[in-house]
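Could you walk me through this protein model, one feature at a time?

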Amino acid sequence: MLKITGLRSSNPQDYYLEVIARGAEEYYLRRPEHAGVWIGAGSSQLGLDGAVAPDDLRAILDQRHPITGEKLPARQIRRVGFDLTLSAPKSVSLLWALGDAEQSTAALSAHRAAVHSTVEYLEANACQVRRGGRDGYGLRAETAHGLIGAAFTHFTSRAADPQVHTHLVIAN
């Protein structure tokens with residue numbers, strides 16, 4: 001299941017860095033913490049790979065290059081990004097939580113493969129930018145060069161039930 005939420009807060013990255021990456025709910029299940037990882041061709045073009053460093057995510061959502069600090073080309077925007085939450089079916093989450101080590105690994109691998117396929121699909125079919133015009137006149141959509149985002153995988157719901165899901169924090 002996919003749920004899309006716009007990020008409007010002045011510091012939306014703090015939720016992902018503090019709550020999800022640190023795994024506040026994971027305390028109840030005694031599961032290890034999981035850092036976010038960079039996803040998307042746009043992230044690679046900026047030299048972002050591997051684990052998400054908090055300062056890099058803050059820079060991206062502030063429309064700055066994470067290495068040079070210079071402002072990235074962008075229009076004035078109302079939303080700094082989007083949270084695309086991809087949730088595995090409950091049966092997959094239960095298999096991850098209650099299965100043996102092999103079943104748990106297989107369930108998590110299937111979820112991660114689905115997340116990877118979703119990112120590829122979005123980059124090929126939905127990754128666009130708007131150029132030109134003002135106030136909606138003369139705008140045109142152009143294919144973008146890839147998503148800039150961070151993936152945070154989480155394993156429980158807020159009610160501490162098994163719920164494997166990944167937050168894709170995509171910069172606007």
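Arginine 58 and aspartate 55 sit three residues apart in helix H4, about one turn of the helix. Helices here are DSSP runs of H or I with at least four residues, strands are runs of E with at least two, and both are numbered from the N terminus. The side chains of these two residues meet in a salt bridge, at 3.5 Å from N to O. A salt bridge is a side-chain nitrogen of Lys or Arg within 4 Å of a carboxyl oxygen of Asp or Glu. Aspartate 55 counts as exposed at 58% relative accessibility, while arginine 58 is partly exposed at 27%. Those words have cut-offs: buried means under 20% relative accessible area, exposed means over 50%, and partly exposed is in between, using a 1.4 Å probe and protein chains only.

Before going on, a word about where this comes from. This is a predicted model, in which local features need pLDDT of at least 70 and side-chain atom pairs count only at pLDDT 80 or more, while totals for chains, interfaces and linings use all residues. Residues are numbered from 1 along each chain as its sequence is written, and side-chain values use heavy atoms, with hydrogens and water left out.

How many salt bridges does a search of the whole structure find? It finds two. The other one joins the side chains of aspartate 62 and arginine 64, at 2.8 Å from N to O. Aspartate 62 is partly exposed, with a relative accessible area of 38%, and arginine 64 is partly exposed too, at 29%. You can find arginine 64 in the loop between H4 and strand S3 (81-87). Not counting residues up to four places away in sequence, arginine 64 touches Arg58, Ala59, Gly69, Glu70, Lys71 and Leu72; contact means heavy atoms within 4.5 Å. Arg58 in that list is the arginine of the salt bridge with aspartate 55.

The loop between H4 and S3 also holds glutamine 63. Glutamine 63 is buried, with a relative accessible area of 14%, and has a positive phi of about 60 degrees although it is not a glycine. Why is that worth a look? Most residues other than glycine have a negative phi. Alanine 160 is another case, with a positive phi of about 65 degrees although it is not a glycine. Alanine 160 is placed in the loop between S6 and strand S7 (162-171) and counts as partly exposed at 28% relative accessibility.

Now let us look inside. In soluble globular proteins, nonpolar side chains tend to be buried together. Here, the largest nonpolar core has 13 residues, and those with the most contacts inside it are Trp38, Val52, Leu57, Ile60, Ala150 and Phe152. A nonpolar core is a set of buried Ala, Val, Leu, Ile, Met, Phe, Trp, Tyr and Cys residues joined through side-chain atoms within 4.5 Å. Helix H4 (54-61) and S6 each supply at least two residues of this core, and H4 gives the most, with three. Apart from this core lies another, of 12 residues, among them Val115, Val119, Ala144 and Leu147.

Next come the aromatic rings. The whole structure holds one aromatic pair. Tryptophan 96 and phenylalanine 155 form this pair, which is stacked, with 4.7 Å centre to centre and 20 degrees between the planes. Rings of Phe, Tyr and Trp (its six-membered ring) pair if their centres lie within 6.5 Å; planes under 30 degrees apart count as stacked, over 60 as edge-to-face and the rest as tilted. Tryptophan 96 lies in helix H5 (residues 90-98) and phenylalanine 155 in strand S6 (residues 149-156), so the pair ties together parts that are 59 residues apart in sequence. Both partners are buried: tryptophan 96 at 6% relative accessibility and phenylalanine 155 at 1%. Serine 104, found in helix H6, is in contact with Leu95 and Trp96, leaving aside its neighbours within four places in sequence.

Finally, how confident is the predictor? pLDDT gives its confidence in each residue, from 0 to 100. The chain has a mean pLDDT of 81, and 78% of its residues reach 70 or more. Confidence is highest in helix H6 (residues 101-125), at a mean of 95, and lowest in helix H2 (residues 26-29), at 36.

How values were computed: pLDDT is the predictor's confidence in each residue, from 0 to 100.
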